[in-house]
Every structure is written in structure tokens, then in C-alpha cells.
Amino acid sequence: MIRFHPSQQPIQILLILCSIAASLLAAGPAAASAYIQFGPEINVSNTTVPSTKGRLEVAVDPMTLEKIYLVAYGDGPAGAADIFLRYSSDGGATFSAPINLSNTAGQINTVGAPGDSFKPDVKVNGGNVQVAWVDTYCPGGAQGSYTPPGGVLTAFHCLYIARSFDAGRTWEPAEQITDGSQDAFNISSFSSSAGFATAWQEDPLGLQPGEGQGPGDGGSGALTSPGTDIYYTALGTADFESSTPFPAPTEVSDNLSTSMGSPAASRAQLRLVGNTALLAYEETRGMMQMGKNILYHSFPFTAPPSSAAGDVLNESPTENCRRVRLISQSPAATGDADTTVVALWRQGAQNQGGPADILMRRAVGAFGIGAYDPAINLTSPNLDDPTGAIPEDNARAHRALLRGDFVAFVYNYTPDDDASQMQLATYDTYIRRSQDGGQSWDGPVNLSNLNDFSLLTGEPRLVGTPPTIPSGDPQDVRNVSAFFVSWGTHTNDGANTPLDLFVLGTQDGGESFGPIAALAVGPSEQGEAQLRSNPAGSLLCATWSDDVTGDHDIFFRCATATLAPPIPTLGGIGLALLVLALTAAALKLLAARSPASPR
């Protein structure tokens with residue numbers, strides 16, 4: 001270490017300044033990390049009964065270009081909930097009175113129980129809005145029922161859809177889409193400029209209960225009876241706006257038999273790209289074979305196939321494949337790699353929710369099954385590793401974002417599932433990125449970095465920016481390089497109790513992230529975050545479920561997302577001149593303080 005005599009302290013200061021200036025010159029401009037600063041929380045539901053499954057969307061009024069925040073949720077006593085919606089036209093500062101979209105909790109169904117609405121699914125296109133949900137009140141005389149093992153007589157669910165033409169301010173009466181003769185569940189809706197479409201599963205014998213399954217505890221609906229099929233309905237924009245009824249549901253999959261060992265389809269994933277529908281789902285193999293396949297269809301969105309087998313997307317005929325997700329873009333939006341679809345799913349050994357990898361296939365230039373490249377393994381050290389290359393690791397809860405040639409992939413991962421169950425490891429939230437449409441990938445980056453193995457992360461979310469709004473406001477211009485990632489923490493004790501919610505942001509495609517921001521923390525249970533950004537990526541709003549009141553409510557808050565405060569710079573030329581000036585001053589001071597040279 002260089003030590004300066006007190007008489008040389010001015011020289012020390014100048015040399016340090018020179019060093020700082022030189023470092024700034026070498027470092028270049030500040031990274032575009034998103035620093036997130038949240039505003040106050042608003043309790044949107046704020047009732048004395050449980051509120052569940054909050055969903056957030058932003059509609060754009062076509063006349064005024066106002067951004068209308070829509071929050072839909074279930075609310076009511078257990079077993080007698082309705083679907084409510086509240087909207088805000090002032091950026092979430094205030095919300096409208098609750099609008100009851102379902103109005104069935106006061107009705108009595110076929111088993112003598114109240115109507116019970118569950119899990120709204122909200123989609124918008126400009127000022128048009130669709131909310132779909134399932135309900136146990138299904139008038140018409142066809143509603144079925146079943147008694148689960150050890151349970152009570154339970155009514156089947158039917159599907160309802162409500163629509164709005166003025167960005168969610170007023171609503172048409174809800175339309176009953178199915179008759180309840182089969183148990184409808186697991187809605188997947190989507191919208192494009194062409195219109196609205198909805199897919200769902202129907203179980204002929206009643207959605208089977210089980211640990212983590214069934215509507216009563218917010219399960220996934222993956223445990224199905226033989227003969228469970230995927231159904232579909234859609235309307236073009238003109239028909240939607242003219243209040244034309246939705247067409248009768250089309251049975252897309254072909255599981256016609258309910259005998260033991262027959263296939264069953266579940267957990268549909270639907271996307272619209274212009275006039276094209278992309279539909280994928282998991283299906284048991286049938287014929288007493290173990291595991292599930294991922295089946296895939298692409299079709300004109302108002303002309304679905306009927307009782308069609310679909311194409312098998314996974315390449316393994318024996319491993320268990322489930323939880324498919326589709327991320328798509330139009331051919332006009334692709335980059336040099338021409339990637340139109342990224343399909344992701346979990347795949348691993350035959351087990352119930354045990355360790356698995358996340359596999360991916362990308363479609364190139366088109367949407368049919370023939371456009372897909374071979375599968376790669378996104379959660380193993382090498383993309384061409386087989387599943388189970390690391391037998392003890394596990395990946396789950398995958399999300400992705402596709403923008404031209406850029407792909408971001410977020411997931412939960414543990415290096416050792418058994419160790420995690422003994423609190424000797426944990427699940428963190430990771431990200432991987434591709435700059436060439438999913439052909440090659442950066443290494444995984446741990447975003448959450450938990451150092452307490454009594455906790456784990458779950459429920460990751462990944463949201464990008466919506467399209468530009470032609471308002472002339474710079475904040476309405478899309479920044480395709482901005483996106484946000486959130487996750488929740490949970491207890492790592494088998495109960496998996498929700499704890500807190502956190503968010504990260506970037507405005508440079510994930511090259512850098514700002515500090516982790518707390519969306520919701522405290523002693524109560526907080527989970528099920530829903531995120532929405534403005535086009536510029538400078539404003540992020542979110543909803544979540546919070547038990548702070550003791551009965552779960554849906555909360556809302558917004559945050560500004562600004563660039564990391566840059567270290568003051570003068571630019572490259574200015575910094576160079578500053579270095580030269582400071583160096584000259586230091587040398588001048590040094591010469592002035594040096595002993596006189598001998599003559």
C-alpha cells in the first residue's frame with residue numbers, strides 16, 4: 001500500500017480523483033437497471049369474506065386512449081362466491097364500486113347448494129374485455145354431480161363468459177357457455193385483434209380430488225377421469241362487439257371413451273397469433289401406459305378441429321410430460337432466427353410431481369408441428385443433456401418472454417430436491433436468456449439468492465411491456481428491452497405457506513437488474529402476484545392476495561421503475577479531458593512540493 005506524508009495529501013486527493021475518472025472512462029455509460037419504488041397499497045376487495053384468484057389487466061379506451069386498470073376476483077363465503085370486477089381510470093388511485101359479474105351465489109344448483117364462482121380469466125383487446133370463469137350454478141336441467149371419495153355430493157361446474165365494450169366500465173349479462181353435464185375447469189383464454197377465444201377441460205365423471213388438486217384448494221385440475229377432453233369456443237371482433245352469442249363448444253381432443261385406462265386431457269394452453277389459434281395440453285397416454293404426452297394443434301381460430309388427435313410435441317414416448325406453456329409472436333415480429341413459437345414443458349421420470357427438467361422446442365417461420373426444431377434441455381448444464389442428467393436436481397414453474405430474437409426464461413430450481421426437503425438446500429428463481437430466438441442460451445443466473453434454507457421461492461412471474469399506444473406520450477412508446485420478474489417466498493417445511501413477494505426489473509434486456517424490491521411483506525400470507533407494465537417499462541402495477549385482514553383480500557399498488565442513478569459522467573471526451581487536467585494538476589503540485597534539485 002502507498003502511504004502519503006501529510007504534506008502530500010493534496011497530491012493523494014488528486015491522484016484518487018484521477019483514478020476515479022479513469023475508471024468511469026473505462027466503465028462507459030451506467031447500466032440500465034430498473035430501480036423500483038412502490039407507492040401505497042390499496043385493498044381492492046376489502047370484505048369480511050375471502051377474496052381469491054385476483055386477476056389484473058389494463059384496457060385502453062379506444063376513444064380517449066385512457067388506460068383502465070381492471071381487477072377481477074372471486075369473493076364470498078366458502079362455497080358461495082361470486083366474480084367481481086373493479087376498475088380504475090386514474091392509475092389506481094381510486095377504484096369503482098364492485099361490479100358483480102356472476103350473481104349466482106344467491107341461486108341454488110342441482111345438489112341444493114349455492115352457486116359458487118371460481119377463478120376469473122381476463123383478456124383485453126383495446127376497449128373490448130372478456131372475463132371467463134367456472135360456476136357450480138348451471139341452469140337448464142343438464143347439470144351433473146358426483147361424490148368424491150370421503151366427500152359430499154358436489155355439483156359439476158359450467159363455463160360463463162361476460163363481455164364489455166367500454167374498457168370494463170359496463171358489462172353485458174354473463175353468457176352460459178356449457179350446460180354442466182360435464183365438469184368444466186381450467187380456463188385458458190386469449191385475445192388478438194381478430195377476436196377472443198377460450199379453451200377449457202371437461203371431466204365426464206367430475207374433477208377428481210387429491211392433494212393439491214381440485215377447485216376447492218386452488219389446484220391445477222391435472223388429476224382427471226378417463227375421457228376428459230379439451231373444449232373450445234371463439235368469436236371474431238365484429239361478432240363480439242355485436243353481442244353475437246359464442247358458438248357451441250367444440251370438443252377439440254378425441255377422448256371419447258370413459259372406460260378405465262382411456263386417455264384424459266387437461267391444463268390447456270391457448271394462444272392467438274392474428275387469426276391463428278395455437279392450443280396445447282397434457283394428456284394421459286391411455287391403454288394402461290404410464291405418463292402423459294403434450295399434444296398440440298394449430299388452426300384458424302374460428303374453425304377449430306373436432307375430435308382431433310393432435311400432434312405429440314414431446315419426443316420421449318415414455319417420460320412424464322406436463323405443464324406446457326406456449327409463447328408466440330407473428331412472423332412479422334420475428335428477428336433473424338424467425339422464431340414464431342417457444343413451447344416449454346416439464347419432463348422427467350414417471351412420478352407424481354417429482355424432479356424434472358424444463359424442455360423447449362421452438363417453431364421457425366410457421367405454426368404447424370413441422371415447423372418445430374428438436375427439443376433442448378434448458379435446466380441442465382448442456383442443452384443436449386437428456387432429462388435426469390443430474391438425477392437430484394429439479395426445475396418447475398417456468399415462464400418465458402419472446403420479443404423478436406430475444407427470449408427470456410424464468411423458473412424455480414434446486415440443485416438437490418431431497419436436500420431441499422431436509423432444509424439443506426432451497427429453490428431459487430433463475431433466469432436464462434437467448435439472443436438468437438432460442439437456439440443458444442446464456443448460462444443461468446440466480447435472481448433470488450436465498451441464503452435461508454428454511455425458505456424457498458415459488459410462483460415466478462415474467463412480464464414484458466405492451467404494444468405502443470398512439471397517444472404521443474413517450475411513456476406510451478414500447479421499450480422491448482424492459483421486463484419484470486417477481487417471485488414469492490414460501491416456508492420450506494412441506495406446508496409451503498406463502499410469505500412475501502419480491503420484484504426485479506430491467507430496461508436493457510436483462511443485462512442488469514436493479515435492487516430487489518418488496519412488493520408485499522409482513523407476517524400475513526401473500527401470494528399470487530399479477531404484474532402489468534406500461535409500454536415504456538417505467539411503471540409497474542401489481543395485484544396480489546394478502547391475508548393481512550385475516551380473511552384474504554386482493555391488494556393493488558404501482559411502482560415507478562427508473563434507471564439506476566448514474567455516477568455523474570461527462571461522457572467519453574469529457575472524462576478524458578478531466579483525467580488529463582487532474583493528472584497535470586497532480587504533477588504540478590508534486591513538482592512544487594519536491595526538494596530543490598542540486599545545482
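This note sets out points on strands, aromatic pairs and charges over rings in a predicted model.

1. Basis. Residues are numbered from 1 along each chain as its sequence is written, and side-chain values use heavy atoms, with hydrogens and water left out. Because the model is predicted, local features need pLDDT of at least 70 and side-chain atom pairs count only at pLDDT 80 or more, while totals for chains, interfaces and linings use all residues.

2. Open sheet. Four strands form an open sheet in the order β21-β22-β23-β24, with antiparallel pairing. The edge strands, β21 (320-328) and β24 (376-377), each pair on one side only. Strands are DSSP runs of E, at least two residues long, numbered from the N terminus; two of them pair if DSSP finds at least two bridges between them. Met360 has Ile376 in β24 as its bridge partner.

3. Tyr296 and Tyr372. Rings of Phe, Tyr and Trp (its six-membered ring) pair if their centres lie within 6.5 Å; planes under 30 degrees apart count as stacked, over 60 as edge-to-face and the rest as tilted. The count comes to 20 aromatic pairs. Tyr296 and Tyr372 are edge-to-face because their planes stand at 80°, with ring centres 5.2 Å apart. Tyr296 lies in strand β19 (residues 292-300) and Tyr372 in the loop between β23 and β24, 76 residues apart. Tyr296 counts as buried at 1% relative accessibility; buried means under 20% relative accessible area, exposed over 50%, partly exposed in between (1.4 Å probe, protein chains only).

4. Charge over a ring. Arg396 lies over the face of Tyr427, at 3.7 Å from the ring centre. The rule requires NZ of Lys or CZ of Arg within 6 Å of the ring centre and within 35 degrees of the ring normal.
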